[in-house]
Amino acid sequence: MINEQQVKAAFANYTKNYNPEDPKISLKITHTYKVAENCRVIAESLKMSEEDVEIAWLIGMLHDIGRFEQIARFGTFNDAKSVDHGDFGADLLFGKGFLITDYIDVRDYDAIIETAIKHHNKYRIPENLDSRTALFANIIRDADKIDIFRVQIEEPIIGIYGVSLEDIKKERLSDAVFEQFKERKAILRELKKTHLDYYVGHFSLAFELVFPQSRKLVLEQGYLRQLMDLQVEDAKVQQRIGFIRDEINRELESIV
Ligand SMILES: [Fe+2]
């Protein structure tokens, strides 16, 4: 039903309009392929049909399609300062341009694909989704979170945060962020004040993973472990990071 080579060719053809040599663009292209693979592995672990595995993979390939036009139009990946890239991507695919037709010929999955992409970046998915749509939405959300750990390790920190890791290590961790870790939930954006809050805040995504295979992928890939090896300057902050690391390790290992 889905021709992977054709999807990859259509994606390459689309992204070539946005200068794939630009590090910001190439970061998103690499991320896309990694997330699509994560989607496939998670969907297979759930014993979904071959067709559904393909759809999960396709959602991975298209989930950040809004990023390219976002950076071209607004010069930033910051949704708060530009557009919500989940909504924007869903619009590009299913709005006027109807870009989805470049990727899949049948229209039966449109509602699922649109909803999963629209909500991939939201703090929570809507409560009223039917269970099948929620399944695809949760797969892409897990797959995306897993790759955020890789991006933090493989991409230059200065490009992501605008400051060096050396400088981040000198910062403090806000009390509110530390307190929220104890609740074992993703840290709310409005609580994050320092770069270190953002850096360490990413670790909390591990609490939100829905599927056992997702936790397994995080452990296998090892990026989160590397991130959590962070050595900061202040002993008290280091102690807090140690506490956070233990909580997250418990989370990842207990449920796999
Ligand atoms: Fe995204």
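Visitor: How are the donor residues of the iron ion spaced in sequence?
Guide: The spacing is D-x20-H-x34-H. This is a predicted model, in which local features need pLDDT of at least 70, side-chain atom pairs count only at pLDDT 80 or more, and totals for chains, interfaces and linings use all residues. Residues are numbered from 1 along each chain as its sequence is written, and side-chain values use heavy atoms, with hydrogens and water left out.

Visitor: Which residues are the protein donors of the iron ion, and which atoms do they use?
Guide: Asp 64 (OD), His 85 (NE2) and His 120 (NE2), lying 2.1 to 2.3 Å from the ion. Donors are N, O and S atoms within 2.8 Å of the metal (3.2 Å for Na, K and Ca); water is not among the atoms, so sites may look incomplete.

Visitor: Where do Asp 64 and His 85 lie?
Guide: Asp 64 is in the loop between α3 (50-62) and α4 (66-74), while His 85 is in helix α5 (residues 85-94), so the pair ties together parts that are 21 residues apart in sequence. Helices (H or I, at least four residues) and strands (E, at least two) are DSSP runs, numbered from the N terminus.

Visitor: Is Asp 64 buried or exposed, and what about His 85?
Guide: Asp 64 is buried, and His 85 is buried as well. Buried means under 20% relative accessible area, exposed over 50%, and partly exposed in between (1.4 Å probe, protein chains only).

Visitor: New topic. How many salt bridges does the structure hold?
Guide: It holds 21 salt bridges. A salt bridge is a side-chain nitrogen of Lys or Arg within 4 Å of a carboxyl oxygen of Asp or Glu.

Visitor: What does Asp 87 form a salt bridge with?
Guide: Its partner is Lys 122, and the closest N and O atoms are 3.0 Å apart. Asp 87 lies in helix α5 and Lys 122 in the loop between α6 (110-118) and α7 (131-154), so the pair ties together parts that are 35 residues apart in sequence. Asp 87 is partly exposed at 27% relative accessibility, and Lys 122 is partly exposed at 22%.

Visitor: What about Glu 251, which residue does it pair with?
Guide: Glu 251 forms a salt bridge with Arg 184, with the closest N and O atoms 3.0 Å apart. Glu 251 is in helix α14 (residues 235-255) and Arg 184 in the loop between α10 (175-181) and α11 (195-201), so this pair ties together parts that are 67 residues apart in sequence. Glu 251 is buried at 11% relative accessibility, whereas Arg 184 is partly exposed at 29%.

Visitor: Which residues do salt bridges that share partners join into one network?
Guide: Asp 84, Asp 87, Lys 118 and Lys 122.

Visitor: Back to Arg 184. What is its phi?
Guide: Phi of Arg 184 is near 55°, a positive value in a residue other than glycine. Asn 19 also has a phi near 55°. Asn 19 lies in the loop between α1 (4-15) and α2, and counts as partly exposed at 40% relative accessibility.

Visitor: Why point that out?
Guide: Because most residues other than glycine have a negative phi.

Visitor: How many residues line the largest pocket, and which lie nearest its centre?
Guide: There are 44 lining residues, and Arg 67, Phe 77, Ile 148, Arg 189 and His 202 lie nearest the centre. The largest share of the lining, 6 residues, comes from α7.

Visitor: Where is Gln 152?
Guide: Gln 152 is in helix α7, and it is buried with a relative accessible area of 5%. Among the residues that Gln 152 touches are Tyr 161, His 202 and Leu 227, not counting residues up to four places away in sequence. Contact means heavy atoms within 4.5 Å.

Conventions:
1 Å grid on protein atoms, 1.4 Å probe; cavity = no way out; pocket = protein on both sides within 12 Å on 5 of 7 lines; lining within 4 Å.
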